[in-house]
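Keep the structure open as you read.

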Amino acid sequence: MAIITLGKLLDRVEAFEGRLAIFFADVRDQSKDNGVRLLTYYLARHRRHQQQAFDDFDKQAINLVRRVKVRNDVPFTPEVEAPLLQAQPGTVSGKALLEAAVAYNAYLGRYYDNILKFPLNQDATFLILSLIRIEEHDTLMLKKMIAMHYF
Amino acid sequence: MARIIIVDDDVEFAEDLSKSLQQAGYDVEVKNRIEGLIEDIVLNRPDLLILDVMFPDNPVAGFDVARAVRLKEEIKSIPIILLTAVNQEHSMDFSARDIDPEWLPVQDLEEKPVAKAKLLKKISKLLQPTVKK
């Protein structure tokens, strides 16, 4: 069994979010569809979700939570299950971006649920539940945009 | 006297805001179009920009202009306030929390309608360190 810290599990998400932000910047700069470009400004905020969840913690508490040990590694393969990065930045449609973003949020939700299957202390559990809530709220916003046919 | 450029395609709103700022002692210029705006800013070097976000045919024009200003050496330090109704049109919850150097490099983001007293306070604060009225 490979013990891993919660910090490492969160860093994987952070690293992928960095790649997503670069992809969204490419769409913003290459797309000729200004509606799609507006959407990238919204989607690029996703990279701050972890920070948002950490807002309720002070610096010391963040360090402690990050050091919490998780009994088993939890695989993180968003590119396989939510292949947002494979789209062409210049031609991707708003609908495709929104649907891929919903799929990515659902994947993140499952990832966080899998982390919660292991025993964690109260702060770590609170943090992961906060992240799940943030993703759920974001999914509601995205689905609203899909329903309203904004893009 | 500090100079402010208001950029907004809503002519009535921009003129109304302009009057309020002039009454508060500012030198104000109104632009209703984005075309040629960066060149204009370089030429006129205002002390502050108040930018709408959504323009006809480009719902992110204000965001684009803010980023373009930061890339231009001569004008990159001009403070920018985004004044927008983008959330009313698209339910995207943009707010001052979204300000960052890469995507929204501005000093403030306010939703329309904004209380003039609140806006004047923010303008005064942004202009304080460099320009005295």
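B:Ser91 sits in the loop between α4 (86-90) and β5 of chain B. The model is predicted. B:Ser91 has a positive phi of about 45°, although it is not a glycine. With 13 C-beta neighbours inside 10 Å, B:Ser91 counts as partly exposed. B:Asp57 also has a positive phi without being a glycine, here of about 75°. B:Asp57 belongs to the loop between β3 and α3 of chain B. B:Asp57 has 8 C-beta neighbours inside 10 Å and therefore counts as exposed. Most residues other than glycine have a negative phi, and most peptide bonds are trans. The bond from B:Lys112 to B:Pro113 is cis, with omega near -5°. B:Pro113 lies in the loop between β5 and α5 (116-127) of chain B.

Now turn to the sheet. Chain B has an open sheet of five strands, in the order β2-β1-β3-β4-β5, with parallel pairing. β2 (27-31) and β5 (108-111) of chain B stand at the edges, each with a single partner strand, so one side of each has no neighbour in the sheet. On average, neighbouring strands of this sheet are turned by 20° against each other, direction ignored.

Look next at β1(B). This strand, residues 3-7, pairs with β2(B) in the parallel sense over five bridges. Along that pairing, B:Ile4 stands opposite B:Val28, and B:Val7 has B:Lys31 as its bridge partner. From β1(B) the chain crosses through α1(B) to β2(B), in a right-handed β-α-β crossover. Towards β3(B), β1(B) is joined by four bridges, again parallel. There, B:Ile4 has B:Leu48 as its bridge partner. Four of the five residues of β1(B) are buried, so this strand is largely enclosed by the rest of the structure.

α1 (residues 11-23) of chain B lies across β1 and β2 of chain B and runs at about 170° to β2(B). α2 (residues 37-44) of chain B packs on the sheet and touches β1, β2 and β3 (48-51) of chain B. The direction of α2(B) makes about 175° with that of β1(B).

Helix α3 (residues 61-71) of chain B brings in the other chain. Its buried residues are B:Ala61, B:Gly62, B:Phe63, B:Asp64, B:Val65, B:Ala66 and B:Val69. What covers them includes α2 (34-43) of chain A, along with α2, β3 and β4 (80-84) of chain B. Which residues does B:Ala66 contact, leaving aside neighbours within four places in sequence? They are B:Leu51, B:Ile80, B:Leu82, B:Leu104, B:Pro105 and B:Val106.

In soluble globular proteins, nonpolar side chains tend to be buried together. The largest nonpolar core here has 74 residues, of which B:Ile4, B:Ile50, B:Leu51, B:Ala66 and B:Leu82 touch the most other members. Helix α6 (residues 94-116) of chain A supplies the largest share of this core, nine residues.

Finally, the contact between the chains. Ten residues of chain A are in contact with ten residues of chain B. On the chain A side, α2(A) gives the most, with six residues. By class, that side has five nonpolar, two polar and three charged residues.

Key
Residues numbered from 1 in each chain as written. Chains lettered and ligands numbered in written order. Predicted model: local features only at pLDDT ≥ 70, side-chain atom pairs only at ≥ 80, totals over all residues. Pairing = 2+ DSSP bridges. Helix = DSSP H or I, 4+ residues; strand = E, 2+ residues; numbered from the N terminus. Axes fitted to C-alpha atoms, helices over the stretch in contact; angles between N-to-C directions. Contact = placed C-beta atoms within 7 Å. Buried ≥ 20, exposed ≤ 12 C-beta atoms within 10 Å, placed from the backbone. Right-handed = clockwise from strand over helix to strand, strands pointing away. Nonpolar A, V, L, I, M, F, W, Y, C, P; charged D, E, K, R; others polar. Core = buried A, V, L, I, M, F, W, Y, C linked by C-beta atoms within 7 Å.
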